[in-house]
Structures are given as structure tokens and as C-alpha cells.
2 protein chains.
Amino acid sequence: MTARTLVKQLAAQPDGPVSVSGWVETVRDQKKVQFVVLRDESGAVQLVHPRTDVEEPGTDPLATAISALSAGTFLTVIGELKHDERVKLGGLEVKIEELEVAAAALDIPIADDSSIDKRLDWRFLDLRRPEQNLVFRVQTTFLHALRTWWVEHDFIEIHTPKLMASASESRAELFEVEYFETKAYLAQSPQFFKQMAQPAGFGKVFEVAPAFRADPSFTSRHATEFISVDAEISWVDSHEDVMAMHEQLLVAGLTAVKEKHGAEIEATFGIEVTVPSLPFPRIPLAEAHRILESRGYTVPRADGDLDPEGERRLAEYVKEQYGHEFVFVTDYASNIRPFYHMRHEGDAGLTNSYDLLFNGVEISTGAQREHRVDVLVEQAKEKGLDPEELGFYLDFFRYGVPPHGGFGMGLNRVTMLLLHQPSIREVTYLFRGPNRLTP
Amino acid sequence: MTARTLVKQLAAQPDGPVSVSGWVETVRDQKKVQFVVLRDESGAVQLVHPRTDVEEPGTDPLATAISALSAGTFLTVIGELKHDERVKLGGLEVKIEELEVAAAALDIPIADDSSIDKRLDWRFLDLRRPEQNLVFRVQTTFLHALRTWWVEHDFIEIHTPKLMASASESRAELFEVEYFETKAYLAQSPQFFKQMAQPAGFGKVFEVAPAFRADPSFTSRHATEFISVDAEISWVDSHEDVMAMHEQLLVAGLTAVKEKHGAEIEATFGIEVTVPSLPFPRIPLAEAHRILESRGYTVPRADGDLDPEGERRLAEYVKEQYGHEFVFVTDYASNIRPFYHMRHEGDAGLTNSYDLLFNGVEISTGAQREHRVDVLVEQAKEKGLDPEELGFYLDFFRYGVPPHGGFGMGLNRVTMLLLHQPSIREVTYLFRGPNRLTP
């Protein structure tokens, strides 16, 4: 591989010969001197070429080559690095000596002010923006910190199948697949299979993988394919044990992001990354409703769940009261929770469950699972499910199983909220929605 | 969460009160004393209860409870830890004081000698075997070391969509999905989308995610859903740069496995994990054929590719000649490579590509990609592909793109070969094949 210097490494290099590779952001083709801004995955640098053909235009082949460069062209430049305080862009420039074009570019069909839909049509060009590059570097760091925390705490990584013979959540939002002589369905979550690790004796497991929902929503926070961050642990006493793991994980993730990208996030997005304090506030759902009422907001839902406006207002309250960006809303009513959530002992109307809100938006649902098979069957029936169809899942509980619990968290939502982005589309590599299956 | 001691931590604990949780492996219900072997995710321990009802059977409630325990029952035991050299199992035992059953177990329907198919029907019970637990802990360690290497080398993690509007490899092995008013296909590999990160200016990317092939094969190394480990890097001069990354990664992965699990792998599977030396041997495909011929084997294939027997024999040769478990077979003929592999300059019959063999089986294909769009279109046509159908992929190359290359590697194959397992089914959490979609 050619000895290439990344743009971000130039500042620490002495004046002298360097080789840089990237793409053309702009060309300023002046009479006496030409400037090219070259960008790579790490930053942008100014390249300069004093024309030698000022007297006789067309006699400087390098000047001719530079004039012909279109924005987006990928190229390698060998030249002389010179530190010079007067250069606005990083206080240095590279005088071009040789220039090799790897691939020329047609005219870029999008601009900074293009609509989100048009930008998604040309996502690979949209991703060249430094903000976008930062989004994915931040997400990489966050996720690696989560996985490192799990590995250090002896979790086993599992890879559950995304092709299933039946639904794991609701049958309504299921994608159907032609599977040889039969039908399969795409996993809406790894719920059943991560729980399977419990009777399998794996103790503590995690998975980060795609999940699929045939959800016709067009909101800023829904996608038909998304990355689900999941963990499940044995021998919990209640959902409290799950929350304790969950909040430690987020602290690990945000600490890593702040350390590695804090300054750049502040410079790029104007956001100061906050490492949350432990423990995160916990507010039972019923209490959340009382708080909202006392602040003049009645949630307009009959089922007792929070609506997005209620979540936003609750987060405001938490921010005022505790100075915290996170809040666990706990003890959801059984009627708005799936059959596999464990219910309170002595009050079957409430569950050992929580939603985690981050900056006013739900990013995760967690719970202790019901592991007593007779209770589980009753709860399934009560939800109108046919225990026959749940056969293989119910078997997980018939041959011995520990008490357990876990959570599922939407990765793209976390990234969106962390970087204050207006839509999940901005933080997804290639968004998939009801109307979007390409590129 | 109850202060639970993992079985593997008992050896370092002083004699005294402990709480252990796990499942019943065996009960020896003797006249004067009862023994239970309890296993958790970290190991097995002997529990003991000297009956107090020897004179008057039925008067010791704890003894009655122990007699009733079925294998597979999950329970928590509080008792007295005592180190005692005479105890074969780890030189210690726990005298039971309290016993709380979390979930009783029906009779376990499989045994160690059950057929692989029956074991897969009851995979969650099969996974309780310590060998299986080790398989997944080894895989966790291996994968985390790979990701750590990438993160330390500034790679960006990407999550490419698994729902696509068209095929990324051959149309033959494609799963079709009902997608709202249209059809989608499951990604056979992240090939097109990881390449997209190159014109997007991401530089170096990796992904670990499921891939799907509607492959009707029933071999020990094929699955319809598998975990694909992928990386793609910019500014390569040839496939040599990809191999250099690939071999360093594997050294990182195997070093971590050897350090963390070497002794246990040796004890459990009788295998000494070898950290391979750098560089791995490289043998051009034509040379591989000459070597096989000289050792009396002519590959019975018309297309010039190796067959499994040829791969096995080549690995034997490499082991003898270089003492190495890996070999890069390089420079495959264009006719057996996809259209997007770059061809040799001056010899379009050969590609800048490789297969990586591990213990005689192919685990990966890597290549430099053709990034010159005119050449790419020609190569696609030559393979009988319609450039119209490849529209969005070809666009990746029309707006500027760096030279690049990468590899895709089957995670389960690596684990299978590392632990000398007879089939990919043994190292997959839940195997998916033409006849297997459950549990």
C-alpha cells in the first residue's frame, strides 16, 4: 500500500514531501495560482499549485490537469507539506508536485440544501459530508464500548436467526419470505431466541443485529429495518437488575464517545456530550402521569401509555428536577405490554418492565420475563394468542429455566438523540422504509 | 440481584456461606447422603446433603426436596462451601442449607448420543453441554478481538441493509420478500453496500451481520443464513493490501482466543490453538494445481477452481512445507470470479483475488475491486449481466471512487475449523437450512 498520510496526521508532520489521497471538494482556478481542497475520511487540506503558464496559457500540464478536476474526483497527490499560519484551513498546505486521478466524477447531483429524499437517493454522496462521517464514527465508538463492557462482564455474544417459522411479536407487522417449499418470516426482534439462551445456561448474552418490522409508519423515528441492541441476563430479581446493567452500559458508551469525539461533536453539532450520572432517575408510569397532569398535560390516549408529547414533557421535568437526559419509566400496565413480561406479585395489572427515554424519546424497552410456564400460558391466552403457535417458545420454559430479564434498544435512535438529529434517516447508513428500498 | 457466586469463582473463595445458581446435571440419591451436581455457565460443582431422616425416612424436608429434583431443574442453593481435596469435581463441595427451585424440568428428551437432527430440535438443551458453551465463548472472544483491531485501526462499523431491491450476487440463490406493494430480496452478502462506503469516503469499514443464501446444499459447511464478517478498505494497490489486513486480523483473533481459552480448549477438545505466523503463505491458483498434480491429484473440475479434496490436499502440503494452518490461494481465473473483481493488468484472464483456506477449508474470499466504471460495465456484460439492473451499483463508480478491496469471511466456518468440529451446525446458535427453520 502506498505510504499515504491521512489529512489529520499532517499537522504533526514536519515540512517536506507527503502523499495524500482523497477527493476534490472544491477547485479555485485562479490566474496565477490554483487551490484544491482535498478531503479524506479524516479531514480536509488545501493543495496549491502556482501556475507556470501565466505568460503562455496551456503550457503547464499540471495546471491543465488541475483545471480539469471535477468535484468528487478521487486522486492521490504527492507534494511538499508546508506549515503556514496564514492558511485558514488547518494552518498548512501541500504544494502539488504529482497528481494521479483514481476516478473522475460526474457532476454531483445533490447540494447541502437538497431535500432529505433526494439526499437519500444519492446517499453515498451525502455520506461524504463531514457531519455524516462523524455520525458513523461516533456510532462505531459507542457500540464498541458497549460490546467491550459486555465482554469484560463475561457476556456471550449470540447471533440469533432472522428467518423464523412464526412471529415473535405481533403478526401485523411481519415480512413474509418464500422459503423453499414453505414460508418464513423475518424476525421483528430477537426476543424469543435471546430468551432461549437462558434455559441454554448461557447466563448473560448480547446481540447487535438487524430487525425487521413491516410498519407502514413514516415518522422520523421508525424504519422497516433497524439495528436492535439486545441483552438478556439470568437470575434477576426484577427489572431493577436489568436497569442497573442498562445504565452502566450507557455510561460506558457515552464516556467513550465523549473522550474520543467530544470536541469534534461540539465543533460540528454544537452539542456537549454529557456522561450521565448513576443511577438514572426511575419514575413509575402512574407517577409520570401524575407529574404530567400537575404540569397541565393530560395524555390523550385511552390505553394509559405515554404519547410522544407526554414523553417530551416528562423529559423536560426530569431535566429540570434531576439535570438528567435519561429516565426509566417503570411498571407499565399489563394491557400495554406483551404477554411475556412478568407481572407484579399481587398486582397482575402492572408489569416488571420499563421504557428508557433519552432526550424525550423512547429508545428501549426492558423487562423481567415471566419464566413460570403455567403463568406464561395464561398470559398468552389472555392476549388472544394461541399457545399451540407458541409451542417451541413455551418449550424453553418446560425443561428448566432461570428467572431472567433483558432489554432491546434501537441503535439508530440513540445516535439520533445523542447528536440531536431530526430523523433516523440522517443516522442510518441506508434507510429502509415503506417507500424506500434503494439504493 | 442476589449475591450469586459463579461456580468458577468458588475455588478462590474461603470456606463459608455461598449462594450458587444453576441447573441440576445429576442427582445421586443415596441412603445416607445426597449429591447433586449443579452446573452454571462457568462450570459444575458438587452439592451435598447428609440426610437427617435415615432412621425415619420422610422426616427431612430438604432431603425430600432433593429427591424430587429432576435433571435440568434451575435452582439457587445457599450453603457452606468446603474445600476438600477428596472431592473429584474441583476439590470442593457445597453443603446445602437452603434450596429454591426457579423452574422444574420435564424429562430431557435428548442424550449425548442423540443424532445431530434431534439435538438441533432441542438446541436450547443441547447448548447446555460445556463444549457448546465453550464454542460460543470462544467465538465471542474471537469476534471481539477482530472488532477491537478494526476500531484501533480507525475502521468505521457499518450496518448495511439486508433488504434489497435487487440481487447482489447470483439471482439463483435469492430469497424473495413481500415488501408492501413490491418485492424485496434478502442480501446474499453486503458486497455492494460495503463497496458504497468507498465513494462515500469512509476509508476503512467493517461489518459483522447475517447474510442469506437460498442454497439447497446439505453439506457440513453450508447454511441458508450465516454470519458474514466483512471489511473493505480504500487506496489499495492490489489484493496484497487486503491480505495483509486479513492476516493481521486473524492473528489478533487467535491470539485472544489462545490467551483466554487455550487451556480450556485443550482440555475440552484436545486441540492446541496455534497463533499463526506472519505472513501467511500465498500460493497462486495455477501453482496450487501444479503442486497437487506433482503430488498425484488432478482436480476433477473443468472450470479450473479447486474442489474440497484439492483444498484439503493443498492444506496438507502447506502444513508440511510451512507448518502453517492458513494459506492464501491467489490470482483466481476471471471465469470463476464475479464481475467486480479487478483483473490483472495485461492479463484479463486472472484476477487480483484470493481465497483463504484454514485447515483445508475455504473460509473467505477477498479481492481488489474494479473501480473503473467503463471496465466494470464491460466485465458485467461479459458475465451476462444487464448493466441496467446494476444501475445504482454502477453509480457508485461514476461520481468518484478510490481504488479499494476487501474480503468476506464466514464466521461459523472459522469457529468450526478452529475447534475441529464436524459441521457448521455444531457451532451455529440456531442453524437454518433448506429443511430447518425451527426452533
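Which residue follows α11(B), and near what angle is its phi? The residue that follows α11(B) is His420(B), and its phi is positive, near 50°.

This is a predicted model, in which local features need pLDDT of at least 70 and side-chain atom pairs count only at pLDDT 80 or more, while totals for chains, interfaces and linings use all residues. Residues are numbered from 1 along each chain as its sequence is written, chains are lettered from A and ligands numbered from 1 in the order in which they are written, and side-chain values use heavy atoms, with hydrogens and water left out.

## Chain A as a whole

Chain A holds 12 helices and 18 strands, where helices (H or I, at least four residues) and strands (E, at least two) are DSSP runs numbered from the N terminus. The C-alpha trace of chain A spans about 90 × 60 × 40 Å along its principal axes. Of its 439 residues, 61% count as buried; here buried means under 20% relative accessible area, exposed means over 50%, and partly exposed lies in between (1.4 Å probe, protein chains only). Among the contacts in chain A with a separation of 6 or more, 64% come from residues 24 or more positions apart, a contact being heavy atoms within 4.5 Å.

## Where the two chains meet

On the chain B side, 104 residues are in contact with 104 residues of chain A. The area buried between the two chains is about 8,600 Å², and carbon and sulfur atoms give 67% of it; buried area is the accessible area (1.4 Å probe) that two parts lose on being put together, summed over both. Trp235(B), Tyr399(B) and Tyr429(B) supply 11% of the area that chain B buries against chain A, more than any other three residues.

Between chain B and chain A there are 4 salt bridges, each defined as a side-chain nitrogen of Lys or Arg within 4 Å of a carboxyl oxygen of Asp or Glu. Asp154(B) forms a salt bridge with Lys8(A), and their closest N and O atoms are 3.1 Å apart. There are also 32 residue pairs in polar contact between chain B and chain A, both residues being at pLDDT 80 or more. A polar contact is a pair of N or O atoms within 3.5 Å; within protein, one must be able to donate a hydrogen and the other to accept it, and residues adjacent in sequence count only if both atoms are side-chain atoms. Helix α4 (residues 130–152) of chain B gives the largest share of the side that touches chain A, namely 10 residues.

## Helix α11 of chain B

Helix α11 (residues 411–418) of chain B is mostly covered, since 8 of its 8 residues are buried. These buried residues pack against several elements of chain B, including α4, α6 (239–269) and β18 (404–410).

## Annotated positions in chain A

| Residue | Relative accessible area | Class |
|---|---|---|
| Arg213(A) | 28% | partly exposed |
| Thr365(A) | 25% | partly exposed |
| Gly410(A) | 16% | buried |
| Leu411(A) | 1% | buried |

Thr365(A) lies in strand β17 (residues 361–368) of chain A, and its side chain makes a polar contact of 3.5 Å with the side chain of Glu362(A). Gly410(A) belongs to strand β18 (residues 404–410) of chain A, and, leaving aside neighbours within four places in sequence, Gly410(A) is in contact with Ile227(A) and Ile363(A). Leu411(A) is found in helix α12 (residues 411–418) of chain A, and, with the neighbours within four places in sequence again left aside, its contacts include Ile227(A) and, from the other chain, His159(B).

Arg213(A) lies in the loop between β10 (204–212) and β11 (225–234) of chain A, and Asp215(A) has its place in the loop between β10 and β11 of chain A. Asp215(A) counts as buried because its relative accessible area is 11%. A polar contact of 2.5 Å joins the side chains of Asp215(A) and Ser217(A). Not counting residues up to four places away in sequence, Asp215(A) touches several residues, among them Glu173(A), Pro434(A) and Phe180(B).
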